[in-house]
Amino acid sequence: MKKNVLIIGAGGVAQVVAHKCAQNNDVLGDIHIASRTLAKCQSIVDSVREKKALKTEGVIEAHQLDAMDVEATKALIRKTNAQIVINVGSAFLNMSVMSACIETGAAYIDTAIHEDPAKVCETPPWYANYEWKRREEAKKAGVTAILGAGFDPGVVNAYAKLAYDDYFDRIDSIDIIDINAGSHGRYFATNFDPEINFREFTGRVWSWQDNKWTENKMFEIGKEWDLPVVGKQKAYMTGHDEVHSLSQILKVPNVRFWMGFGDHYINVFTVLKNLGLLSEKPVKTAEGLEVVPLKVVKAVLPDPGSLAPDYTGKTCIGDLVKGVKDGKEREVFIYNVADHKEAFEEVGSQGISYTAGVPAVAAALLVATGEWDVKKMANIEELPPRPFLDLLGKIGLPTRVKEGADDRAL
């Protein structure tokens, strides 16, 4: 059994993680939240207490931390006696936080692939650029390091493994479809940190097709999907973390990721990009001030956490898996639908943050009980999917399986 959780980050996803950890603190123990801005951490602590989210009386505390500082992170892990670290801070922090965990023996969980601030839209193989280089290090230290335990990557990886184990003898393709059919009522905003969000889309799009990497431009390939609850939605092929791991670990010949974008988002994004406002390279103003355009855009856009109170509508995220079972062609859609308003009422965050944060807590619970405490580095599809998906169903993200006219709960 592992106990006591340190949450790195204080954004919308961290808020969800804190609330869900509090709801399960009889298993997870003490809860600590750390980021550079102490006030943001304290606000999350106050939110948990206001909603009386703690299942049993216990510790929930805020801390100030620069998580790029490995020594400071190690010191906080030891001070809090945290045996599980959930990293939901910036993707720039992954390697630093992972180092602190490996050196202290704490289990490590993140929700997205590491990014180097100096490199935008790196070419594949993504996990092999950073995380997978440290597999032996984690194994030698006996440290559990679970990669990409959000929704995508994360739950969609578990859906793929479920399909691989239970529904198919051979998988020919996996199309991961992420649709947010909700509305936040603002002229323009991003659901996650704008800096990270835009960096995903300013470079080339990479997919895995016919057992090789295929390159396209952003918004070059779009397709209308007819999905449960949210109906017909336009989505565009883009690169994403799980395309790499699923193609390499499950040996699926075709893995593609599709994200829904409205025309308005695409228009604003295109104008910002064409004006150079999404550049991470510093420029000088006429007054001699040096600024980074992307950081200026981030500063003037709404904080993603501020969108939650007015967010309405639903998300639909899932895997459309095609292949063969018992000599016959088969097509199955494994998915979840989440509601923005329900997420806000429960934890004070919008549905996008909810779908990213709840799975990280499910992973932490499985590490705490020992089921996923594997003492090595693992992507989600390398772990048993049933305990994860069953637990998600109990704590807020139920799975459904659609095959033809049949659409039922897992």
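Because the model is predicted, local features were considered at pLDDT of at least 70 and side-chain atom pairs at pLDDT 80 or more, whereas totals for chains, interfaces and linings use all residues. Residues are numbered from 1 along each chain as its sequence is written, and side-chain values rest on heavy atoms, with hydrogens and water left out.

The chain contains 15 helices and 19 strands, where helices (H or I, at least four residues) and strands (E, at least two) are DSSP runs numbered from the N terminus. Its radius of gyration is 20 Å, close to the 22 Å given by the globule rule for 410 residues, so the chain is as compact as a globular protein of that length; the radius is taken over C-alpha atoms, and the rule is 2.2 Å times the number of residues to the power 0.38. Along its principal axes, the C-alpha trace spans about 60 × 55 × 40 Å. Of the 410 residues, 56% count as buried, a term that denotes under 20% relative accessible area, with exposed meaning over 50% and partly exposed in between (1.4 Å probe, protein chains only). Among contacts (heavy atoms within 4.5 Å) between residues at least 6 apart in sequence, 73% join residues at least 24 apart.

The structure holds 18 aromatic pairs, in which rings of Phe, Tyr and Trp (its six-membered ring) have centres within 6.5 Å, planes under 30 degrees apart being counted as stacked, over 60 as edge-to-face and the rest as tilted. The rings of Trp 208 and Trp 213 have centres 5.2 Å apart and planes at 75 degrees, so this pair is edge-to-face; Trp 208 is buried, with a relative accessible area of 11%, whereas Trp 213 is partly exposed, at 24%. Trp 225 and Trp 258 also form an edge-to-face pair, because their ring centres lie 5.3 Å apart and their planes stand at 70 degrees. As Trp 225 belongs to strand E10 (residues 222–227) and Trp 258 to strand E12 (residues 255–260), the pair ties together parts 33 residues apart in sequence, and both residues are buried.

Lys 161, found in helix H8 (residues 155–167), is buried, with a relative accessible area of 18%. When residues up to four places away in sequence are not counted, Lys 161 touches Leu 250, Glu 381, Leu 383 and Pro 385.
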